[in-house]
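This report describes selected parts of one structure. Please look at the sequence and the model before reading on.

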Amino acid sequence: MSSENTVSINGQPHALPDDPRVSLLDMLRHHLGLTGTKKGCDHGQCGACTVLVNGVRINSCLTLAVMHDGDEVTTIEGLGTAENPSALQRAFVERDAYQCGYCTPGQICSATAMLDEIAAGWPSDASDSLDGPMEVSTEEIRERMSGNICRCGAYANIVDAIRDVAGEPA
Amino acid sequence: MRPFDYQRAEGIDHAGQLIAAENAVAIAGGTNLLDLMKLQVETPQTLVDVNRIGHAEIEDSDDGGLWIGALATNTDTAVHPRVKADYPVLARAILAGATQQLRNRATTGGNLCQRTRCYYFTNIDQPCNKRDPGSGCGAIDGIARLHAVLGTSDQCIATYPGDMAVALSALDATVHITSAHGKARTVPVRDFHRLPGHTPWKDNVLEPGELITGVSLPAPVEGTQIYRKVRERSSYAFALCSIAAIVEMDGDKIARADLAFGGLAHKPWHDPEVGEVLVGQKPGAKLFDKAADVLLRDARGYGENDFKIPLARRTLAAVLAEATGAEL
Ligand SMILES: Cc1cc2nc3c(=O)[nH]c(=O)nc-3n(C[C@H](O)[C@H](O)[C@H](O)COP(=O)(O)OP(=O)(O)OC[C@H]3O[C@@H](n4cnc5c(N)ncnc54)[C@H](O)[C@@H]3O)c2cc1C
Ligand code: SF4
Ligand code: FES
Ligand code: FES
């Protein structure tokens, strides 16, 4: 695949939009019909639009699609399917970690990256020491997931689902 | 969002050429600029994407200090081994700001240049001298909870909202700048942001066409480094008051006190006289109060933000007590 003016979305190359105003979020939802990624605020405040770009979690509402020439984007659709869900997708179902489900794709994309960040020893504001290894405690999860707002307040079960996958007793 | 022309710069010189155009603005992480473009607070004609010009490196400098490129992300900086070991106040300040998603995109240059969170500034239906010079200031007699108590003017009482720059100010970092014609200059970070005065639309000393290439930190110093941020909730909120402190003890006396304050002014506030009151003295509640008297000697509240004056005093005492081990 040539990376000239294309972006890879869940492994498939797609041409970048002609209009530079199109956010990555709007490209996903409106141009490609990948409506798993949600728009909550469109201003970086809620995390519903969280996707992974080259493995790193970002808010897709605050970035232009044209800036992602050659990048690899993974959305909730790319993490798993109904038949073959990812460990976090399964844990969210088992723990009933949602009510309306609107924030859930963003929560799961965010948590997917967060577990990698903890494994890599990245500190958070809740970490006692800046040096690893980092814990997967409730306090750490709450701080690290603070960019994902849940209007239904399913936080307790979201934390439990993440702890299940991290192998920590909830 | 208003239509604009998108240009991707391939290097710093190319970025300089592109940015010299009329009403051209650099875009790095985009987390502040795109937010404001959606609100039509910012309406650039040309966006110059600087993400591929390099300058994302973080490396040791010859004098024992550290160079942080303008395009290094806030995450890159906060997790860098040397930042964690030698400049923990900087790692802590970055981690106390925004969210992981935002820090993954936010860059050194963009973070320094982020604009105020004043609610009148971000609402184009409201008067604001910063956004629309001469239209008045909605905040002075309005909702001013987030606003400044130090260094205000009758034109603007906005605060600089960032955390990273407060730590950079305590660390006495230097901002490296290049003009559209490739002319380089440096500015101490303490002089980079400005007070509003009669020109509140100028947040900092960058001239049109100038770009930040990076920030240099001096060689690390001894002492305890603390970043304390007081906010409305315990995560994901801007500072009401924050303090970056580097405090070194010599026996039972304070040998160094480099302090900078966020959330109180149009710039990270650094007042050398505060440190001078503390150095050479034995720490204690009385001394901390004296330091707060100096810090707040010209403080002025605007009603809703009056609480920031006692809050700054208490936060200073708490930080100094933690740094020196003194009882309050
Ligand atoms: C919901 C939310 C919460 C936040 N909370 C916090 C917080 O608690 N603490 C905090 O400190 N910040 C916070 N932020 C702000 C965030 O830190 C900034 O948006 C970010 O640092 C900006 O960096 P950027 O690279 O995305 O800048 P951009 O949006 O790309 O650019 C911002 C400005 O900087 C200019 N610029 C960028 N690079 C350069 C350069 N190299 N030279 C010259 N000019 C340049 C641009 O032209 C633009 O004017 C928050 C943001 C959001 C959306
Ligand atoms: S405080 Fe400054 S930014 Fe806010 S309304 Fe007044 S002039 Fe505008
Ligand atoms: S839609 Fe992107 S953060 Fe809310
Ligand atoms: S489940 Fe409804 S917003 Fe989170």
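Arg8(B) has a relative accessible area of 19%, so this residue is buried (under 20% relative accessible area; over 50% is exposed and in between is partly exposed, with a 1.4 Å probe and protein chains only). The model is a predicted one, in which local features need pLDDT of at least 70 and side-chain atom pairs count only at pLDDT 80 or more, while totals for chains, interfaces and linings use all residues. Residues are numbered from 1 along each chain as its sequence is written, chains are lettered from A and ligands numbered from 1 in the order in which they are written, and side-chain values use heavy atoms, with hydrogens and water left out.

**Around Arg8(B)**

Arg8(B) belongs to strand β1 (residues 5-8) of chain B; strands are DSSP runs of E with at least two residues, helices are runs of H or I with at least four, and both are numbered from the N terminus. Apart from neighbours within four places in sequence, Arg8(B) is in contact (heavy atoms within 4.5 Å) with Val66(A), Asp69(A), His14(B), Leu18(B), Asp49(B) and Arg52(B). A polar atom of the Arg8(B) side chain lies 3.0 Å from the backbone oxygen of Val66(A). The side chains of Arg8(B) and Tyr6(B) are joined by a polar contact of 3.4 Å, the term being used for N or O atoms within 3.5 Å, where within protein one must be able to donate a hydrogen and the other to accept it, and residues adjacent in sequence count only if both atoms are side-chain atoms.

**The sheet of chain A**

Chain A has an open sheet of five strands in the order β2-β1-β5-β3-β4, with mixed pairing; two strands pair if DSSP finds at least two bridges between them. β2 (12-15) and β4 (56-59) of chain A are at the edges with a single partner strand each, so each has one side without a neighbour in the sheet. Strand β3 (residues 50-53) of chain A pairs with β4(A) in the antiparallel sense over four bridges. Within this pairing, Arg57(A) in β4(A) is the bridge partner of Leu52(A).

**Charges over rings in chain B**

A charge sits over a ring if NZ of Lys or CZ of Arg is within 6 Å of the ring centre and within 35 degrees of the ring normal.

| Charged residue | Ring | Distance from ring centre |
|---|---|---|
| Arg145(B) | Phe307(B) | 4.6 Å |
| Arg233(B) | Tyr236(B) | 5.9 Å |
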